[in-house]
Amino acid sequence: MLKRLTLLLCLLVPLQTHAAPNTNDSITLTASVNKTVLTENDELKLTVTVEGAAGNFTPQLPSLPAFNIYARSTSRQINNFHAVSVFEYIMVPRMQGKTVIGPITLQYGDTTYKTEPISITVYRADAAPASAANGQKQTAKKTQKTNKPSQAEPAEAPKDLPPMERELYNLAARHTDEDYFMVAAVSDKNPFINQAVTLSVRVYYAHLFFKNAPYTAPSISNLFMEFVSSAEGSQTINGKPYRYIEQRYAISGVTAGAAQVGTATVKYIPMGNVNMSVFNRMFATVSGEPQTIQSNTVSLNIRPTPQKNKPKSFYGAVGSDYSISATLDRQEVEAGEAVNLTITVNGPGNLKTTSDLRLPSLAGFKVYDVVSNAGSVPNNGELKSYKIFKTVIVPISSGSYTIPAISWSYFDPSTKEYRTIRTKPMELKVTPSSKAQTGFDFGTKTDLGGGFRQLGQDIRYLKSELAQPEASFLSKLGRQNLISILFAALLFTCIVFALMDKKMLAGKRALLRAKAQLKNAWTEETVAEALSAYVQAKYGVHTASLTLREIVAALKKRGCPSDLVQRFETLWQRLDAARFAPVDLQGQGTEELARQAAELMKEMDKGGRP
Amino acid sequence: MKKIIFATCLALAAAFSASAADLQNAETLYREGKFAAALGEYEDLLDSYPNEPHLYYNIGNCYFKMGSVGLAVANYYRAFRLDPRDEDIRHNLTLALQNSGERFVPAGMPEILHKVFFSLRSGELKGCLFIILWLFCTLASIWLIKRRLGRIALAALAILAVLGAWYAGRAKWDNKPLAVVAAPVAELRSGPAASFPASASVAQGRLLMLQDEKDNWYDVVVKSEGLQGWIQAENIEKI
């Protein structure tokens, strides 16, 4: 009996699949991305689906200068002569900003198929992105068109359900006249920036549908979204039994203001009643047009974190139960060797858009830039985020150091307060650099004889007293300003010259007067008077009251050179002789005496000090 | 008045005894091998005695013992500028520079000439210059007025010229914009940013001549090799 049944099954399955008409003669080309807002560190999955085309073909991607494609995969399936080819591309952004994935083309036969362009916004990993208002509007329009809940009076959700479950129930209750529908709800519609909120998208079905029903995740604007988990269940709504498939995501707002979760879609081909037997399900045929259902949109209001009491160590994390730890890869190093310092933060919120940690001042260390890496891991239906900060610190000198506690703050939305967590202080022992010691060339350790052997060389010992080199007289003098010293020297010189000039000018004046007298000297008396007046003015010697011997002695005493004194003595004697000699002698040598007197005075002026 | 003088003397004595105690404390720490703690003591004393060569010398010793040859060289250099006659400072500076592959006495220069050039402190040299200048002024005045001591005045002028040239040379050496590599290894780049390619790596303790400064980067010439490039300010210690 069992053999016959198996044989019948083997015969019927191919017959039924061949007999099933291929209702999709037209080719559809669709392209979708898993997210439209992402950071530089995120991956973007581009899915290109070709339905209805058989054979070996590849859609033509447009030029994508803003992305690096580092993985691609292709899967092809044929169900009832309906071929579905899915091409997946994993890409990472190369630059920040808005970019567009242009139309993807497929040349199939004589026809060229094209997809719609997809706008993508890429933000810096640690920067808050700008508003994505345009994206929100577009998404809103679509949802207004597509999401048409039933006008029937919905049943109230049971009171004991959690808020998100209640909303899902209430939304589902509006669709009870439909066999297939989708609803979406979030756990909190007014979250803070970076606060993780659960988004649940449920596909309710009262009848079965064929597999390979493509599901498109909801589009998002001003939000980050991470897939968390998938579940199935059943629920009776308004007395009608439904099964549902649930997709859970963690979403978080990136800037304050409005944000929106767009529609998620499922394209399915209905099969029959949920309660259809296993046998019937196996032999059901794919029939009818593919149907599309869409979930409702969800609007969120992202709130900024309060400014009041915001700690300096707050870098943007929001959530509760964060933890921080820090490790050094070594506890003992030599001076100048690098030590890796790793600080890890774990918690529930979105850490990708939080700023990088600023390390406290580490005296005695050269600290390199902090490099961070953020990610998230689904864990028991929740998303656990982590951010790892890595830096290299290099101790400059030896000693025992303590890396102080590193603070990190987050905002707890449940208490609406900032909380600060700290790492434990870490000890690091730094020994003197062996490279510095071995690199030293002390010369050859030689035996110099006489019982003396050089073993090595070291720096000399400390100075136990202060030198105070500035206390010496020369140093004190040297501290004087150079300009003032030079100015004083110049002033001194000027005074000296002024004094010198006074005496010189007096001598010059006396010479001029004497010369004038000599010009009109007709008698020896006049010549003697002129010479006497000059000697008195130049040397301060009064000839009238002194004998010749006394005059000569006075002149010598005043510094007049001896040869000039000698000449003066001779001239003075001749003048005396001429003045007191007989008459016939007079007048013969007056001119000569006047000339000699003029010459003597000239020489006295030139070289006869003072 | 007597009370004021007494109080001043007392305060001065207290200050000196405090610094002596601090020096003693720092030396004890150094002997015990607690070089970082001794360094802290000496650096505190620097606030009170900013131009004290022995403090810079001791700080240099602490850094040398801690393995920071670059910072040791910088501090020995400061001490040497303040007291170039001190043999211990000269010895330790020479040793520290040798350790980092540098020469203290320039190649080709006899050491005796180097010692003569640095036989006087800058302040002393300046003081001598002033004395000789005044002596010359006085002698020149005597010669001008009395026509005496002319030869001595000329000799004074010659000494003044030599001292002037010596002082100018020392002033140039003292004011050289020098720095030393303080980081274990520093990279020399072709421009004042980390984005420029590195042309050489310079070891700790190497002497650098500063040429220019831009955005926390210095244009330097490595004295021993003559290489020029940009180095990050945090990697060097200005002398």
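Start by selecting Asn222(A), which is buried, with 23 other C-beta atoms within 10 Å. (Buried here means that 20 or more other C-beta atoms lie within 10 Å of the residue's own; exposed means 12 or fewer, partly exposed is in between, and C-beta atoms are placed from the backbone.) Check the backbone while you're there: Asn222(A) isn't a glycine, yet has a positive phi of about 60°. You'll find Asn222(A) in the loop between E14 and strand E15 (223-237) of chain A. (Helices are DSSP runs of H or I with at least four residues, strands are runs of E with at least two, and both are numbered from the N terminus.)

A quick note on what you're looking at: this is a predicted model, in which local features need pLDDT of at least 70 and side-chain atom pairs count only at pLDDT 80 or more, while totals for chains, interfaces and linings use all residues. Residues are numbered from 1 along each chain as its sequence is written, and chains are lettered from A and ligands numbered from 1 in the order in which they are written.

Now hop to Asn309(A), another non-glycine residue with a positive phi, near 60°. Is Asn309(A) buried or exposed? Asn309(A) is exposed, with 10 other C-beta atoms within 10 Å. Look for Asn309(A) in the loop between E21 and strand E22 (314-318) of chain A.

Staying in chain A, select E14, E17 and E21: these three strands form an open sheet in that order, with antiparallel pairing. (Strands pair if DSSP finds at least two bridges between them.) At the edges sit E14 (220-221) and E21 (298-302) of chain A, each pairing on one side only. Colour E17(A), residues 257-261, and follow its five bridges to E21(A).

Next, chain B. Of its 239 residues, 38% count as buried.

Zoom in on H3(B), residues 53-65, and H5(B), residues 87-99. Their axes come within 11 Å and cross at roughly 30°. (Axes are lines fitted to C-alpha atoms, for helices over the stretch in contact, and angles run from 0 to 180 degrees between N-to-C directions.) Which residues meet here? From H3(B), pick Pro53(B), Tyr57(B), Gly60(B), Asn61(B) and Phe64(B); they meet Asp88(B), Ile89(B), Asn92(B) and Ala96(B) in H5(B). (Contact means that the two C-beta atoms, placed from the backbone, lie within 7 Å.) By class, the residues of this contact are five nonpolar, three polar and one charged. (Ala, Val, Leu, Ile, Met, Phe, Trp, Tyr, Cys and Pro count as nonpolar, Asp, Glu, Lys and Arg as charged, and the others, Gly among them, as polar.)

Last stop: E2(B), residues 185-189. Ala186(B) and Leu188(B) make up its covered face, and Val185(B), Glu187(B) and Arg189(B) the uncovered one. E2(B) pairs with E3(B), residues 198-203, in the antiparallel sense over five bridges. To finish, click Arg189(B) and then Ala198(B), its bridge partner in E3(B).
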